[in-house]
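Please look at the sequence and the 3D structure below. The briefing that follows goes through them topic by topic.

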Amino acid sequence: MKVLLLGHPNVGKSVIFNRLTGADVISSNYPGTTVDYKKGLMRHRGKDIEVIDVPGTFSLEPRDKAETVALDMLRDHPQARIICVIDATKLERGLYLALDLIEKGHAIVVALNMWDVARDKNISVDTVKLASLLGVPVIPTVAVSAEGLSTLMDRLLAVEPTGIAEVYMRLKLAGLMTGQTCNGCSGCIAGQSCALAPSVLSSEERWALVEEIARRTVIIGHYRHTLKDAIGDYTVKPLTGTPFAIAILYAFWSIFSTFSGLITDGFLVKAFDRHWLPWLQRWFPGGPGTWIYSVMVDLGHTTDGVWTASKTCLESFGVLTSGLYLEIGVVLPAVFIFYVMLALLEDVGYLPRLAVLMDTFLHKIGLHGYAIVPTILSLGCNVPGVEATRILETKKQRFVMMTILAIFIPCGAQIAIMHDVIPQYTGFVMAYLFLGYFVFGFFLNRIIPGTTPDIIMDVPVYQRPILRDVRRKVAMRTKSFLKDAIPFVTLGILIVNILYAQGAIDNLARASAPVFEGWFGVPRQTAGPLLAAFLRKDLAIAQLSAIPMSKYQLITAIVLVSIYFPCIGTFFMMLKEGGKAFFGSLAVLISVAFTWVGLLHLVWIVLGVQ
Amino acid sequence: MVRLWQGYFALLGAAVLFCGLLEFLSAAAGHQLAFPPAVFSTGAFRGLWGGLVTIFSGIFLLKGIRDFGEVHQLAKLLMGCILLWIVAATDILALIAAAIPNAQPELWFNSLSAFLQSFAPPYTPAVILLPFSLPVMLCLHISGGAKPTADGSHTLENR
């Protein structure tokens, strides 16, 4: 038996999915967390059930790529039973989709989720009456505490399809709503469905029906505005919300740098430089001078023909030294704390407010508030960020978002290495990148044809984060990072070291010297790290730190590495998500890199520092 | 009682705003100000950005004292305190993080005495002002028995 979890974005489908299947799917209280379907298995009353978590959709007419996935799932599984998840505090909106599903002849059960929030807001829904009007079971649920889910599954096992004409009949509205008078048709006499009731509804008819059902089943009581509500309001108003957002970002960055500094500088630098590196230098088979030793442990430095061993893992550039140090010693603590804070902000309910706050600003670059979701995800890793662009409605928006994400948003690993290698300039580099994000977004919005629709954003109430959910999200995201990062860094160092050994990097540096030295104003040796940047940008930044150059050249080189090309993971995700548009995006990307880095070089020349 | 609360938070708000301005301006000028046991942060991050957050905190506190006790005004007061707590908490976290590892390359952890010594003054203004912002919790507790205003929101009773 197959069950589809269907409903608007951000109504708790993924939480229900996790509770039913015990699977680990990331759920957040803003739309766009699920942009592709997820499958899981459960056993209920002796029956094996396959549960499919479908991306959120507002109706059965798709508006974006995530909604198309939802519709495809429905078309591919016509016999599947459906749990239509509705936010109990916004019954009218969810009913539209439920009626659409009933009309198409699907067997559905309605889960009135967030029942606790509705109770707190003094909204009561007569579930018995609603169920009798719709002709389908209606179960109040609180997904986060699994309340009502067992009953939901019990009712799902026995559910049968109904029809829209029957809903009219139960409301005894067919004549009233069609403006005709029924003279007692056979359907009415049999008590089944009136002949006047349409079997297919127009959008207006469906909304009229929704309004009528809601009028008969929902009672909104007096609600006192609480302190939580007042703070919720103030954090989305520009005048009060902007200072609050500045403070939250301050806390985010401060905790990020304090924690990663403590773990990396306090302990892991010692562990790697004082124990791991000397141990490998002493015991690695072959020892200094052999090819395998140079690639795996220490490339060393040659001064006046004398080879000297590296003193730190960062400068040794071996697969087992720099490779492990970068990913475990520097990037892992940073990525871990980034994901902890992201999960907390998500679960408290602040991110949707940030989206509302940024809406006006992001409209200037052809996007809307929810573009903040792919942007923030990209600060962890660009790959899920590019995937999350599916929540944007038009091709133009997706193109603009994907392009500026790939160019201007550094991932957590990159930021961590920057913070380790050039702590005093990280702020400047980040500011220059974010400036580029808005400047080029602004231009792309004017150049690229297409529309930017307005959207209505839902803001959930502030709530206490559930530790178990935060822990699960952090573990999943960190595991996924480790799985992606370690093989690529290892491979990156291996390839670059082999190319160095073969003299290929020197040849490349010589050939590209006019561009590097003339246009970008950086040493020609930057060619090597740029090659590595295609595999991992964090690795490339670490390699840059070993090249002798002025602080201005170092800033330019880091900006260049950050924006010149996406890393391999992002490259393939952009190809998958963007299709043909990807090549357009790539062309923009390369021209932007030339312009933005060349401009920075020009700034240094004008300031007389280069 | 309400006047007493208003006076208290007006003083706190003014002190927070003043400290924030001093921190921001001294960081912008590149000077480090110190009035033992207070020392002002420097640099673009803690000095400028942190100073800016402290300024916002002071403004929120001062804005929250009008119509004292009304739920929206209480929210402003609480937001002012939250902003101050953010700056103070990140400063304390930085202190703790600096106190745990040993600076000697051959040792991992600081001794207990060295650890405790790291918490000796001077402190940043946000850390010093932190305890003075905690009475807001009492204020919120009292407002639990608040009366609704005409528009249905709560007020702190005049007691």
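Gly40(A) stands opposite Val51(A), a residue of strand β3(A). This is a predicted model, in which local features need pLDDT of at least 70 and side-chain atom pairs count only at pLDDT 80 or more, while totals for chains, interfaces and linings use all residues. Residues are numbered from 1 along each chain as its sequence is written, and chains are lettered from A and ligands numbered from 1 in the order in which they are written.

**The hairpin**

- Strand β2 (residues 38-44) and strand β3 (residues 47-53) of chain A run antiparallel and are joined by seven bridges; two strands pair if DSSP finds at least two bridges between them.
- Two residues lie between the strands of this hairpin, and Arg45(A) takes a positive phi near 50° there.

**Chain A as a whole**

- Chain A has 29 helices and ten strands; helices (H or I, at least four residues) and strands (E, at least two) are DSSP runs, numbered from the N terminus.
- The C-alpha trace of chain A spans about 105 × 55 × 45 Å along its principal axes.
- Of the 610 residues in chain A, 48% are buried. A residue is buried if 20 or more other C-beta atoms lie within 10 Å of its own, exposed if 12 or fewer, and partly exposed in between, with C-beta atoms placed from the backbone.
- Two residues are in contact if their C-beta atoms, placed from the backbone, lie within 7 Å. Among contacts in chain A between residues at least 6 apart in sequence, those joining residues at least 24 apart make up 71%.
- The domain assignment, which is automatic or from a database, gives domain 1 (2-163 + 199-220) and domain 2 (238-288 + 312-607) of chain A. The centres of these two domains, taken over C-alpha atoms, are separated by 37 Å.

**Helix α10**

- Helix α10 (residues 203-217) of chain A has 15 residues and reaches 21 Å from first C-alpha to last, close to the 21 Å expected at 1.5 Å a residue; the expected span is 1.5 Å times one less than the number of residues.
- Which residues of α10(A) are buried? They are Leu209(A), Ile213(A) and Thr217(A).
- These residues are on the same side of α10(A) because they cover an arc of only 55° around the axis; the arc is that of the directions from the helix axis to the C-beta atoms.
- An α-helix has 3.6 residues a turn, so residues three or four places apart point the same way.
- Ser203(A), Glu204(A), Glu211(A) and Arg215(A) are exposed on the other side of α10(A).
- The buried residues of α10(A) pack against several elements of chain A, including α3 (91-103), α5 (127-134) and β8 (218-220).

**Two buried residues**

- Trp115(A), in helix α4 (residues 115-120) of chain A, is buried because 23 other C-beta atoms lie within 10 Å.
- Leaving aside neighbours within four places in sequence, Trp115(A) is in contact with Ala88(A), Pro140(A), Thr141(A) and Val142(A).
- Val138(A), in strand β7 (residues 138-140) of chain A, is buried because 25 other C-beta atoms lie within 10 Å.
- Not counting residues up to four places away in sequence, Val138(A) touches Val110(A), Leu112(A), Thr127(A), Leu130(A) and Ala131(A).
- Val138(A) and Ile86(A) are 52 residues apart along the chain, and their C-alpha atoms are separated by 10.0 Å.

**Contact with chain B**

- The contact takes 22 residues from chain A and 29 residues from chain B.
- On the side of chain A that touches chain B, α12(A) gives the most, with 15 residues.
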